Amino acid sequence: MLVLGIESSCDETAAAVVRDGRAVLSSAVNSQIASHRPYGGVVPEIASREHVGSFPVVAAEAIAQAKVAWNDLDAVAVTHGPGLVSSLLIGLSGARALGQTLGKPVWGVNHLEAHLAGTFLDPAAPPPAEACPLLVLMVSGGHSCLVEMLGVGDYRLLGTTLDDAAGECLDKGANLLGLGYPGGPVIERAAQGGDSAFVKFPRGMEHARNRKTDNGLEIEMCFSFSGLKTALLYHLKNHPADREQHLADLAASYQEAVMDSLAQRAERALKVTAARTLACVGGVAKNASLRAKLEDLARRHQARLLLTPLAYCTDNAAMVAAAAGLRALAGIGNPPAVEADPSLPLVEEDSAAG
Amino acid sequence: MERTTERLETNSAAETQALAARLAAELPDGAVLCLHGELGAGKTCFVQGLAKALGVRRPVGSPTFTLINEYKGQRALAHVDLYRVRGAGDAFGLGLEDYLFRFGGIVAIEWAERVAESLPETCWHVRLEARGAGEQARTVTIERPAG
């Protein structure tokens, strides 16, 4: 089964060809980071304008690199949410135009499920059926959650962020430290050689035992980063000289607080679920300190660790084609791509009473 | 009637959220509430208090990624963050006008000053400012629309 994946939910326009949900024949990504850097974050209007220009280029590049013909494709799969509505619409319109021209089905893919499928793009990863139950730490600029994957298309939400996403927290911290954008990589670079114990920043909801959110999630498996951002803000107000004299130490301490709180919640989830395999997906999964912490965690709990290949951590279309391919091969199918849903959930969180 | 302004002081995040909950009871359906204050001032914290009072059960996070998050509670809430928006054209490409003029619930907008020229006069405004040396004490200014 040959699927062309299309991704445009945020600031990356991407297209890729994937065979049978696992084998990447091509993956073309046009990142807009440079265009958004002056603003310290993704500017919606710039993003959608750039998607319009990049879409035909990356789609043609994906087909050419894969050395396949347009008619060899079995389907087109496109991210239909969650994301910026003005960005999602470009990929969706492009995919539907392609599908109509080629006479192929156009499937809608959940961006979060796509990140999860990115785990299986590592040729060394086991097939999904063998990896499940799989504990997934999903960490990116827009999302931070812990999910138990019971099978393809079958997920249970264990915890989520109560305020900011991990990547967003890194972006805001980098902004406060005057380091630029995107936050994750610039903080990681600035933190090199720094003392991660220089300031003991809060981990957020550290001592929340036996408490639940109003929709029934265990707070000890949820994240909270807004207190960390505020703590950095106040540290800089009270010690203005540290920004110059201890920049590496502050960056290292801040990064440590984010990554430690992620690893801490993943450990709690490992203890209460049957999952003996742990995966980490999303842009923040690129962070070397987080990877080291998860390796240590997996070793201590005799769990298998699946780390998404670095090229498929940040947004890309190979993971979109992979998610669609895995669903099709598992026999559960894909929904048609009809409209963009900016807040499409992976798991329905409003089930109880909304 | 003229617009009225009220200044209040809170000493903790919980007190700020309780104040938000009291305001929620006052807000009519369709009300647009603009939140002002610097990074870390507690705008999202205020919206969390509002959400709880409206009967929203899901955790209310920052909408920085998709810019608009919608919640179904006993009353609906739209939480909008315009931090990265560069003016009205940008915001309206995201469908903001549907929330300003056609939403049945409460609309809370962070960084609303980004689209100041497009906001209706019937907006409510809440300004959050740090007070004193502590991390949690705030001066909260509430500006109610006329009429």
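This is a predicted model: local features need pLDDT of at least 70, side-chain atom pairs count only at pLDDT 80 or more; totals for chains, interfaces and linings use all residues.
The interface between the chains was examined at the start. In it, 32 residues of chain B touch 38 residues of chain A. The buried area comes to about 3000 Å². Carbon and sulfur atoms give 55% of that area. On the chain B side, B:Leu39, B:Arg57 and B:Phe65 lose the most area to chain A. Together these three residues account for 25% of what that side buries. One salt bridge is counted between the two chains. B:Lys52 forms a salt bridge with A:Asp214. The closest N and O atoms of this pair are 2.9 Å apart.

Within chain A, helix α4 (residues 111-118) packs on helix α12 (residues 318-330). The axes are 7 Å apart and meet at an angle of about 90°. An angle from 65 to 115 degrees counts as roughly perpendicular, so α4(A) and α12(A) are roughly perpendicular to each other. From α4(A), the contact draws on A:His111, A:Glu113, A:Ala114, A:His115, A:Ala117 and A:Gly118. Their partners in α12(A) are A:Met319, A:Val320, A:Ala322, A:Ala323, A:Leu326 and A:Arg327. The contact residues comprise seven nonpolar, three polar and two charged.

In chain B, B:Val80 lies in strand β4 (residues 77-81). B:Val80 counts as buried because its relative accessibility is 0%, with the cut-off set at under 20%. Beyond its neighbours within four places in sequence, B:Val80 contacts B:Pro63, B:Leu67, B:Ile68, B:Leu96, B:Val107, B:Ala108, B:Ile109 and B:Glu110. B:Ala41 is 39 residues from B:Val80 in sequence. The C-alpha atoms of B:Ala41 and B:Val80 are 16 Å apart.

Definitions and conventions:
Residues are numbered from 1 along each chain as its sequence is written. Chains are lettered from A and ligands numbered from 1 in the order in which they are written. Side-chain values use heavy atoms; hydrogens and water are left out. Helices (H or I, at least four residues) and strands (E, at least two) are DSSP runs, numbered from the N terminus. Buried means under 20% relative accessible area, exposed over 50%, partly exposed in between (1.4 Å probe, protein chains only). Contact means heavy atoms within 4.5 Å. Axes are lines fitted to C-alpha atoms, for helices over the stretch in contact, and angles run from 0 to 180 degrees between N-to-C directions. Angles under 35 degrees count as roughly parallel, over 145 as roughly antiparallel, 65 to 115 as roughly perpendicular and the rest as oblique. Ala, Val, Leu, Ile, Met, Phe, Trp, Tyr, Cys and Pro count as nonpolar, Asp, Glu, Lys and Arg as charged, and the others, Gly among them, as polar. Buried area is the accessible area (1.4 Å probe) that two parts lose on being put together, summed over both. A salt bridge is a side-chain nitrogen of Lys or Arg within 4 Å of a carboxyl oxygen of Asp or Glu.
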